[in-house]
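Hi there,

Here is the structure I promised to pass on. Please have a look at it first, and then read my notes below.

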Amino acid sequence: MDATSSTATHTFIDQEARWGARNYQPVPVVVDRARDCLVWDVEGREYIDMMSAYSAVSHGHLHPRLVAAMQRQLERVAVTSRAYHGTTLGPFLEHLCRIAGFERALPMNTGAEAVETAIKCARRWGHFVKGIADGRQEILVARGNFHGRTSTIVGFSSEPDYRAGFGPFAPGFVHFDFGDMASVRAATTANTCAVLVEPIQGEAGVILPPPGFFRQLREWCTQNGILLIDDEVQAGLGRTGRWFAFEHEGIRPDALILGKALGGGVLPVSAFLADAAVMDVFSPGSHGSTFGGNALAAAVGLEALRIIEDEDLVGRSARMGEHLLARLRGVMQAGRPLIREVRGRGLWAAVDVDPAHATARELVERLAARGVLSKETHETVIRFAPPLTITRDLVDRAVDIFQEVVMRKHRELALGAEAPVTASAREAASIAA
Ligand code: PMP
């Protein structure tokens with residue numbers, strides 16, 4: 001089935017391409033509605049969502065309790081700005097802090113805004129508490145990082161595509177190699193105020209650090225008076241089979257960045273968390289956001305946390321994640337050498353495709369045409385990160401289809417009847433154009 005063949009699909013894709021900026025290259029599926037782990041396109045075709053909007057839809061699409069919480073709040077008040085107090089923000093922040101084990105939380109909207117908040121906090125702390133001259137503060141960041149798309153954040157990306165033409169960039173960021181303590185030590189100076197790092201590098205391709213890295217990093221930061229800031233925008237809130245990925249490493253960071261699933265898949269809600277000794281460098285007027293912590297977002301955020309607790313989504317992620325990874329490893333065994341590696345933690349998996357045989361994009365499009373939504377990152381990685389509510393049956397259905405797609409490609413290659421590997425990517429580009 002060719003997902004791009006019908007008129008309605010074409011019409012919406014063409015309209016987006018004509019009137020929208022061309023900063024994305026979506027998989028050619030026009031989503032019309034969704035419920036829990038299933039999505040239907042504008043032609044009525046059904047898909048299993050194995051992507052969940054990069055973890056934003058960890059609760060499944062339109063969780064009834066989130067819809068109800070939103071509706072209740074919409075009958076009272078939605079946005080006042082932080083010029084006034086409200087009845088939902090305090091309960092949300094208290095619950096969030098108690099779950100994550102921090103004394104204070106600062107609510108924002110998108111992940112990138114929470115990262116910006118972390119950067120500002122780290123620099124202020126570096127100056128006012130550590131005594132680094134203002135303007136000389138340095139933050140260590142990992143090569144291969146992804147922390148968002150603001151001009152400051154892309155300035156310390158190591159991905160040429162994210163940076164090209166967007167300079168000049170903010171100074172004060174120093175790179176180290178993810179997972180390599182020698183490189184962290186070499187990058188540290190007396191002006192280092194923080195290390196900003198993902199516990200697992202998501203956009204880079206679900207890259208796990210070597211065991212022990214975070215414990216050593218924690219020790220290094222403690223010894224040298226450096227804040228360890230953990231960006232769990234994608235990894236947090238159950239995705240890896242623990243509430244927070246840092247728990248796998250047996251450490252506690254000095255500050256935590258959350259987003260995506262915090263909004264329950266219905267609103268952008270993010271937060272920066274730290275203890276008072278760090279957070280209190282912010283004084284009234286020094287930071288803020290019109291929409292950050294609005295009454296509606298806070299009501300949704302609180303309900304999103306309660307659902308994770310009540311439905312044991314963390315435990316489900318651990319159990320279903322093990323099953324997903326075991327099944328994907330089975331596909332890898334059968335699909336070698338087309339599939340090179342399977343890695344992941346919890347319901348967060350990456351399948352590495354050998355670029356000599358296929359692009360990840362080609363397999364992602366074939367999967368979509370067969371009713372499974374996934375997403376490639378870079379040329380070679382297919383990501384699977386379904387809602388944490390997914391059932392074993394749906395995991396099995398999705399992986400069965402993936403196995404068929406892989407084995408079909410495998411047969412094509414063995415027969416020498418392979419289509420040019422970039423054909424489907426070119427097709428998608430021409431649709432987008
Ligand atoms: N940090 C991490 C680790 C992320 O994965 C992302 C988004 N993929 C962000 C920050 C940025 O979040 P947002 O797109 O909501 O700004």
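Let me start with a loop: Pro168 sits between helix H6 (160–163) and strand S6 (173–176), where helices (H or I, at least four residues) and strands (E, at least two) are DSSP runs numbered from the N terminus. The bond joining Gly167 to Pro168 is a cis peptide, with omega about 0 degrees.

A word on the source before going further. This is a predicted model, in which local features need pLDDT of at least 70 and side-chain atom pairs count only at pLDDT 80 or more, while totals for chains, interfaces and linings use all residues. Residues are numbered from 1 along each chain as its sequence is written, and side-chain values use heavy atoms, with hydrogens and water left out.

Two further backbone details may interest you. Arg336 and Pro337 are also joined by a cis peptide bond, with omega about 5 degrees, and Pro337 belongs to the loop between H11 and S11. Asp36, in the loop between strand S1 (31–35) and strand S2 (38–41), has a positive phi near 55 degrees although this residue is not glycine.

Now the domains. The chain splits into domain 1 (3–62 + 313–432) and domain 2 (64–310), with bounds that come from an automatic or database domain assignment. Their centres, taken over C-alpha atoms, are 28 Å apart. Domain 1 brings 28 residues to the contact and domain 2 brings 31, contact meaning heavy atoms within 4.5 Å.

How much area do domain 1 and domain 2 bury between them? The value is about 2500 Å², 60% of it on carbon and sulfur atoms; buried area is the accessible area (1.4 Å probe) that two parts lose on being put together, summed over both. On the domain 1 side, His59, Arg345 and Trp348 supply 33% of the area buried against domain 2, more than any other three residues.

The polar side of this interface holds 19 residue pairs in polar contact between the two domains, both residues at pLDDT 80 or more. A polar contact is a pair of N or O atoms within 3.5 Å; within protein, one must be able to donate a hydrogen and the other to accept it, and residues adjacent in sequence count only if both atoms are side-chain atoms. The face of domain 1 that touches domain 2 draws at least two residues from each of helix H11 (313–335), strand S11 (339–344), strand S12 (349–353) and strand S15 (381–384). H11 gives the most, with four residues.

Two salt bridges cross the interface of domain 1 and domain 2, the rule being a side-chain nitrogen of Lys or Arg within 4 Å of a carboxyl oxygen of Asp or Glu. Glu249 and Arg345 form a salt bridge with their closest N and O atoms 3.5 Å apart.

Over the whole structure the search gives 25 salt bridges. One of them pairs Asp280 with Arg104 at 2.6 Å, N to O. Asp280 lies in the loop between helix H9 (276–279) and helix H10 (295–310) and Arg104 in strand S4 (residues 104–108), so this pair ties together parts 176 residues apart in sequence.

Finally, the ligand. Residues around the ligand (a heavy atom within 4 Å) include Thr110, Phe146, His147, Glu198, Glu203 and Lys260. Oxygen atoms of the ligand lie 2.9 Å from a backbone N or O atom of Gly111 and 2.8 Å from a polar backbone atom of Ala112. A nitrogen atom of the ligand is 2.7 Å from a polar side-chain atom of Asp231.
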